[in-house]
Amino acid sequence: MAADFVIDATRRADGTLNRGVLSLLDPPVPAVPSPWCGVATRDVVVDRALRLRARLFLPAAAAADGRPLPVIVFFHGGGIARCASAAVLSVDYRRTPEHRFPAPYEEGLAALQFLDDPKKHPVPLDVSRCFLAGDSAGGNVAHHVARRYAANPSLFTNVRLAGLVAIQPFFGGEERTPSELRLDGAAPIVSIARTDWMWRAFLPPGADRTHEAANFASPAAAAGLDSPAFPPVLIAIGGYDPLQDWQRRYGDMLRTRGKDVRVVEYPDAIHGFYTIPMFDDARDLIIRIAESGGDRSQ
(Lines give C-alpha, C1' and ligand atoms only; values in the text may rest on other atoms or scores of the structure.)
Protein backbone atom coordinates (compact mmCIF):
# COMPACT_ATOMS: atom_id res chain seq x y z
CA MET A 1 0.00 0.00 0.00
CA ALA A 2 1.07 3.58 -0.62
CA ALA A 3 0.33 4.38 3.02
CA ASP A 4 2.80 1.70 4.13
CA PHE A 5 5.51 3.21 1.92
CA VAL A 6 4.94 6.73 3.30
CA ILE A 7 4.82 5.51 6.92
CA ASP A 8 8.11 3.65 6.50
CA ALA A 9 9.67 6.64 4.74
CA THR A 10 8.99 8.86 7.77
CA ARG A 11 10.79 6.60 10.27
CA ARG A 12 14.49 7.14 10.78
CA ALA A 13 16.88 4.62 12.30
CA ASP A 14 17.84 7.08 15.06
CA GLY A 15 14.25 7.16 16.36
CA THR A 16 13.29 10.51 14.83
CA LEU A 17 10.64 11.29 12.21
CA ASN A 18 10.83 13.02 8.86
CA ARG A 19 8.05 15.54 9.51
CA GLY A 20 8.26 16.86 5.96
CA VAL A 21 7.24 13.51 4.49
CA LEU A 22 4.70 12.92 7.25
CA SER A 23 2.97 16.22 6.45
CA LEU A 24 1.95 14.73 3.11
CA LEU A 25 -0.42 12.44 5.04
CA ASP A 26 -1.71 15.21 7.32
CA PRO A 27 -1.91 18.55 5.48
CA PRO A 28 -3.23 21.51 7.52
CA VAL A 29 -6.90 22.34 6.98
CA PRO A 30 -8.35 25.66 8.19
CA ALA A 31 -11.40 25.78 10.45
CA VAL A 32 -14.72 26.43 8.70
CA PRO A 33 -17.07 28.50 10.90
CA SER A 34 -20.01 28.12 8.49
CA PRO A 35 -21.53 24.61 8.38
CA TRP A 36 -20.16 22.34 5.68
CA CYS A 37 -21.81 18.92 5.30
CA GLY A 38 -23.74 19.77 8.45
CA VAL A 39 -20.72 20.51 10.65
CA ALA A 40 -19.04 23.82 11.55
CA THR A 41 -15.55 24.00 13.03
CA ARG A 42 -13.60 26.47 15.11
CA ASP A 43 -10.19 26.40 16.78
CA VAL A 44 -9.76 27.00 20.52
CA VAL A 45 -6.77 27.47 22.81
CA VAL A 46 -6.89 24.81 25.52
CA ASP A 47 -3.75 25.76 27.46
CA ARG A 48 -1.56 28.71 26.51
CA ALA A 49 1.35 27.58 28.69
CA LEU A 50 1.44 24.22 26.90
CA ARG A 51 0.64 25.85 23.54
CA LEU A 52 -2.14 23.28 23.35
CA ARG A 53 -4.90 23.82 20.82
CA ALA A 54 -7.96 21.87 19.77
CA ARG A 55 -10.53 21.97 17.01
CA LEU A 56 -14.20 22.02 17.96
CA PHE A 57 -16.63 20.31 15.56
CA LEU A 58 -20.24 21.47 15.94
CA PRO A 59 -23.25 19.70 14.35
CA ALA A 60 -25.24 22.57 12.87
CA ALA A 61 -28.68 21.00 13.22
CA ALA A 62 -28.23 20.01 16.87
CA ALA A 63 -26.62 23.33 17.82
CA ALA A 64 -29.33 25.45 16.19
CA ASP A 65 -31.76 25.23 19.09
CA GLY A 66 -29.21 26.66 21.53
CA ARG A 67 -29.36 23.80 24.03
CA PRO A 68 -26.00 22.69 25.48
CA LEU A 69 -24.41 19.87 23.50
CA PRO A 70 -22.80 16.81 25.04
CA VAL A 71 -19.09 16.68 24.30
CA ILE A 72 -16.86 14.00 22.78
CA VAL A 73 -13.16 14.64 23.40
CA PHE A 74 -11.49 12.92 20.47
CA PHE A 75 -7.89 11.87 19.87
CA HIS A 76 -8.01 12.55 16.71
CA GLY A 77 -10.79 13.37 14.22
CA GLY A 78 -14.25 14.94 13.89
CA GLY A 79 -16.36 12.76 11.60
CA ILE A 80 -18.75 11.68 14.35
CA ALA A 81 -20.06 15.15 15.26
CA ARG A 82 -23.04 15.24 12.90
CA CYS A 83 -24.29 11.69 13.57
CA ALA A 84 -23.82 11.84 17.32
CA SER A 85 -25.51 15.25 17.74
CA ALA A 86 -22.58 16.18 19.95
CA ALA A 87 -19.77 18.69 19.89
CA VAL A 88 -16.43 17.03 19.19
CA LEU A 89 -13.25 18.53 20.65
CA SER A 90 -10.29 17.15 18.69
CA VAL A 91 -7.16 17.68 20.77
CA ASP A 92 -3.98 18.63 18.92
CA TYR A 93 -1.70 16.95 21.44
CA ARG A 94 2.05 17.00 20.94
CA ARG A 95 3.55 14.11 19.02
CA THR A 96 6.23 11.59 19.73
CA PRO A 97 9.22 11.22 19.44
CA GLU A 98 9.69 14.91 20.22
CA HIS A 99 7.26 14.60 23.14
CA ARG A 100 7.30 11.22 24.82
CA PHE A 101 5.25 9.65 27.62
CA PRO A 102 3.34 11.10 29.42
CA ALA A 103 2.85 14.23 27.26
CA PRO A 104 -0.36 13.21 25.41
CA TYR A 105 -1.99 11.93 28.60
CA GLU A 106 -1.26 15.16 30.44
CA GLU A 107 -2.58 17.20 27.54
CA GLY A 108 -5.72 15.08 27.32
CA LEU A 109 -6.34 15.85 30.98
CA ALA A 110 -5.70 19.53 30.23
CA ALA A 111 -8.50 19.35 27.65
CA LEU A 112 -10.88 18.10 30.34
CA GLN A 113 -9.77 20.93 32.64
CA PHE A 114 -10.49 23.38 29.80
CA LEU A 115 -14.01 21.96 29.47
CA ASP A 116 -14.51 22.11 33.24
CA ASP A 117 -14.56 25.94 33.07
CA PRO A 118 -17.83 27.09 31.43
CA LYS A 119 -16.36 30.56 30.89
CA LYS A 120 -14.01 29.07 28.29
CA HIS A 121 -16.75 27.41 26.23
CA PRO A 122 -17.22 29.09 22.83
CA VAL A 123 -20.73 27.58 22.59
CA PRO A 124 -23.10 26.03 25.18
CA LEU A 125 -21.72 22.62 26.15
CA ASP A 126 -23.11 20.00 28.52
CA VAL A 127 -19.91 18.65 30.02
CA SER A 128 -21.84 16.51 32.49
CA ARG A 129 -22.16 14.23 29.44
CA CYS A 130 -18.56 14.07 28.31
CA PHE A 131 -17.16 11.18 26.31
CA LEU A 132 -13.55 10.29 25.53
CA ALA A 133 -12.84 8.66 22.19
CA GLY A 134 -9.88 7.85 20.00
CA ASP A 135 -8.63 5.54 17.29
CA SER A 136 -5.32 3.63 17.32
CA ALA A 137 -2.85 5.65 19.43
CA GLY A 138 -5.76 7.97 20.21
CA GLY A 139 -7.63 5.04 21.75
CA ASN A 140 -4.64 4.43 24.00
CA VAL A 141 -4.60 8.11 24.97
CA ALA A 142 -8.35 8.12 25.67
CA HIS A 143 -7.97 5.14 28.02
CA HIS A 144 -5.12 6.66 29.99
CA VAL A 145 -6.86 10.04 30.23
CA ALA A 146 -9.95 8.26 31.56
CA ARG A 147 -7.77 6.55 34.20
CA ARG A 148 -6.27 9.84 35.30
CA TYR A 149 -9.68 11.47 35.50
CA ALA A 150 -11.16 8.55 37.43
CA ALA A 151 -8.28 8.55 39.92
CA ASN A 152 -9.11 12.14 40.96
CA PRO A 153 -12.64 13.08 39.84
CA SER A 154 -12.94 15.58 42.70
CA LEU A 155 -10.56 17.86 40.77
CA PHE A 156 -13.41 18.53 38.33
CA THR A 157 -16.45 20.62 39.19
CA ASN A 158 -18.53 20.11 36.05
CA VAL A 159 -16.99 17.43 33.82
CA ARG A 160 -18.42 13.95 34.21
CA LEU A 161 -17.22 11.12 31.98
CA ALA A 162 -20.19 9.27 30.51
CA GLY A 163 -18.31 6.92 28.20
CA LEU A 164 -15.06 5.86 26.54
CA VAL A 165 -14.87 4.80 22.88
CA ALA A 166 -11.67 2.93 22.06
CA ILE A 167 -11.41 2.34 18.31
CA GLN A 168 -8.72 -0.29 17.66
CA PRO A 169 -6.72 1.03 20.64
CA PHE A 170 -2.95 0.78 20.32
CA PHE A 171 -1.71 -1.47 23.14
CA GLY A 172 1.11 -3.98 23.28
CA GLY A 173 3.56 -5.99 25.33
CA GLU A 174 6.75 -7.99 25.09
CA GLU A 175 4.83 -11.07 23.99
CA ARG A 176 4.07 -11.61 20.31
CA THR A 177 0.39 -12.51 20.14
CA PRO A 178 -1.05 -14.97 17.60
CA SER A 179 -2.71 -12.18 15.61
CA GLU A 180 0.54 -10.19 15.44
CA LEU A 181 2.42 -13.21 14.14
CA ARG A 182 -0.32 -14.31 11.74
CA LEU A 183 -0.88 -10.88 10.15
CA ASP A 184 2.67 -9.51 10.24
CA GLY A 185 3.53 -8.48 6.70
CA ALA A 186 0.05 -9.40 5.45
CA ALA A 187 -2.06 -6.62 6.97
CA PRO A 188 -1.48 -2.99 5.95
CA ILE A 189 -0.51 -0.10 8.25
CA VAL A 190 0.55 -2.18 11.29
CA SER A 191 3.53 -4.55 11.43
CA ILE A 192 5.74 -5.81 14.24
CA ALA A 193 8.66 -3.68 13.06
CA ARG A 194 6.52 -0.54 12.92
CA THR A 195 4.89 -1.03 16.32
CA ASP A 196 8.23 -1.80 17.95
CA TRP A 197 9.66 1.42 16.49
CA MET A 198 6.64 3.42 17.67
CA TRP A 199 6.92 2.14 21.23
CA ARG A 200 10.65 2.91 21.33
CA ALA A 201 9.85 6.41 20.10
CA PHE A 202 7.18 7.02 22.75
CA LEU A 203 8.23 5.20 25.92
CA PRO A 204 10.85 6.64 28.31
CA PRO A 205 14.43 5.75 27.33
CA GLY A 206 15.27 2.26 28.52
CA ALA A 207 11.64 1.19 29.03
CA ASP A 208 10.26 -1.92 27.35
CA ARG A 209 6.70 -2.80 26.35
CA THR A 210 5.78 -3.91 29.87
CA HIS A 211 5.54 -0.17 30.63
CA GLU A 212 2.13 1.08 31.78
CA ALA A 213 1.59 3.11 28.59
CA ALA A 214 1.82 0.01 26.40
CA ASN A 215 0.60 -2.78 28.65
CA PHE A 216 -2.74 -2.19 30.38
CA ALA A 217 -2.03 -5.20 32.64
CA SER A 218 0.97 -3.47 34.23
CA PRO A 219 0.46 -2.82 37.96
CA ALA A 220 1.37 0.80 37.31
CA ALA A 221 -1.56 1.03 34.87
CA ALA A 222 -4.16 0.12 37.48
CA ALA A 223 -4.69 3.56 39.05
CA GLY A 224 -8.22 4.80 38.42
CA LEU A 225 -9.59 1.56 36.98
CA ASP A 226 -11.42 0.56 40.16
CA SER A 227 -12.96 4.00 40.59
CA PRO A 228 -16.71 4.30 39.95
CA ALA A 229 -15.79 7.39 37.91
CA PHE A 230 -14.16 5.21 35.23
CA PRO A 231 -16.78 5.20 32.44
CA PRO A 232 -18.45 2.47 30.37
CA VAL A 233 -16.34 1.41 27.39
CA LEU A 234 -17.11 0.66 23.74
CA ILE A 235 -14.25 -1.16 21.95
CA ALA A 236 -14.09 -1.53 18.17
CA ILE A 237 -11.92 -4.37 16.82
CA GLY A 238 -10.95 -5.22 13.25
CA GLY A 239 -10.39 -8.81 12.16
CA TYR A 240 -7.49 -7.83 9.90
CA ASP A 241 -5.75 -5.75 12.58
CA PRO A 242 -2.59 -7.36 14.02
CA LEU A 243 -3.35 -5.68 17.39
CA GLN A 244 -6.75 -7.35 17.82
CA ASP A 245 -5.57 -9.84 20.46
CA TRP A 246 -4.36 -6.99 22.68
CA GLN A 247 -7.67 -5.20 22.18
CA ARG A 248 -9.71 -8.25 23.23
CA ARG A 249 -7.48 -8.70 26.27
CA TYR A 250 -8.07 -5.05 27.10
CA GLY A 251 -11.82 -5.67 27.16
CA ASP A 252 -11.35 -8.81 29.25
CA MET A 253 -9.19 -6.90 31.74
CA LEU A 254 -11.87 -4.25 32.19
CA ARG A 255 -14.59 -6.87 32.65
CA THR A 256 -12.60 -8.61 35.41
CA ARG A 257 -12.68 -5.26 37.24
CA GLY A 258 -16.45 -5.10 36.91
CA LYS A 259 -16.54 -2.47 34.19
CA ASP A 260 -19.30 -2.03 31.64
CA VAL A 261 -17.73 -3.11 28.34
CA ARG A 262 -19.25 -3.53 24.88
CA VAL A 263 -17.15 -4.93 22.02
CA VAL A 264 -18.00 -4.44 18.36
CA GLU A 265 -16.07 -6.61 15.88
CA TYR A 266 -15.62 -6.04 12.15
CA PRO A 267 -14.13 -9.28 10.75
CA ASP A 268 -12.75 -7.78 7.51
CA ALA A 269 -11.57 -4.42 8.89
CA ILE A 270 -7.94 -3.30 8.70
CA HIS A 271 -6.27 -1.10 11.30
CA GLY A 272 -7.50 2.45 10.69
CA PHE A 273 -10.65 1.45 8.77
CA TYR A 274 -12.58 4.08 10.70
CA THR A 275 -10.76 6.86 8.84
CA ILE A 276 -12.06 5.63 5.45
CA PRO A 277 -15.70 6.79 5.40
CA MET A 278 -16.61 4.94 2.18
CA PHE A 279 -16.22 1.63 4.05
CA ASP A 280 -19.56 0.24 5.26
CA ASP A 281 -17.89 -0.78 8.53
CA ALA A 282 -16.76 2.80 9.14
CA ARG A 283 -20.30 4.12 8.68
CA ASP A 284 -21.69 1.40 10.93
CA LEU A 285 -19.21 2.30 13.66
CA ILE A 286 -20.19 5.98 13.49
CA ILE A 287 -23.81 4.98 14.09
CA ARG A 288 -22.85 2.73 17.02
CA ILE A 289 -20.83 5.54 18.59
CA ALA A 290 -23.83 7.85 18.30
CA GLU A 291 -26.04 5.20 19.87
CA SER A 292 -23.60 4.68 22.73
CA GLY A 293 -24.58 8.01 24.22
CA GLY A 294 -23.90 10.96 21.99
CA ASP A 295 -27.57 11.40 21.06
CA ARG A 296 -29.13 14.04 23.33
CA SER A 297 -32.48 12.27 23.33
CA GLN A 298 -31.06 9.51 25.54
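Which strand holds Ala 40? Ala 40 belongs to strand 1 (residues 39–47). Strands here are DSSP E runs of at least two residues, and helices are H or I runs of at least four, both numbered from the N terminus. The model is predicted, so local features need pLDDT of at least 70 and side-chain atom pairs count only at pLDDT 80 or more, while totals for chains, interfaces and linings use all residues. Residues are numbered from 1 along each chain as its sequence is written, and side-chain values use heavy atoms, with hydrogens and water left out.

The protein contains ten helices and eight strands. Of its 298 residues, 52% count as buried. Buried means under 20% relative accessible area, exposed means over 50%, and partly exposed lies in between (1.4 Å probe, protein chains only). The accessible surface comes to about 13400 Å². Carbon and sulfur atoms hold 56% of that surface. Areas come from the Shrake-Rupley method with a 1.4 Å probe; for residues, only the protein chains shown count as cover. A contact requires heavy atoms within 4.5 Å. Among contacts with a separation of 6 or more, 70% link residues 24 or more positions apart.

Ala 40 has a relative accessible area of 9% and is therefore buried. Beyond four places in sequence, Ala 40 touches Val 32, Pro 33, Ser 34, Pro 35, Leu 56, Phe 57 and Leu 58. Its C-alpha atom is separated by 6.5 Å from that of Pro 59, 19 residues away along the chain.

The largest nonpolar core has 59 residues. Such a core is a set of buried Ala, Val, Leu, Ile, Met, Phe, Trp, Tyr and Cys residues joined through side-chain atoms within 4.5 Å. Val 73, Phe 75, Leu 112, Leu 115, Leu 132 and Tyr 250 have the most contacts inside this core. Helix 5 (residues 103–116) gives the most to it, with seven residues. Apart from this core lies another, of 24 residues, including Ala 133, Ala 236, Val 264 and Phe 273. In soluble globular proteins, nonpolar side chains tend to be buried together.

Ala 111 sits in helix 5. Its relative accessibility is 0%, so Ala 111 counts as buried. With neighbours up to four places away left out, Ala 111 touches Val 46, Val 73, Leu 89 and Val 91. The C-alpha atoms of Ala 111 and Val 91 are separated by 7.2 Å.

Helix 8 (residues 192–202) is largely enclosed by the rest of the structure, because eight of its eleven residues are buried. Among them are Trp 197, Trp 199 and Phe 202.

The structure holds one cavity of 30 Å³ or more. On a 1 Å grid over the protein atoms alone, a cavity is a set of points where a 1.4 Å probe fits but cannot get out. A pocket is an open set with protein on both sides within 12 Å along at least five of seven lines, and lining residues have an atom within 4 Å of a point. Points are joined across faces, edges and corners, and a volume is the space filled by probe spheres set on them. The largest cavity has a volume of about 40 Å³. Helix 8 supplies the largest share of its lining, three residues.

The second largest pocket has a volume of about 170 Å³. Ten residues line this pocket, and Asp 92, Tyr 93, Arg 94, Arg 95 and His 99 are the closest to its centre.
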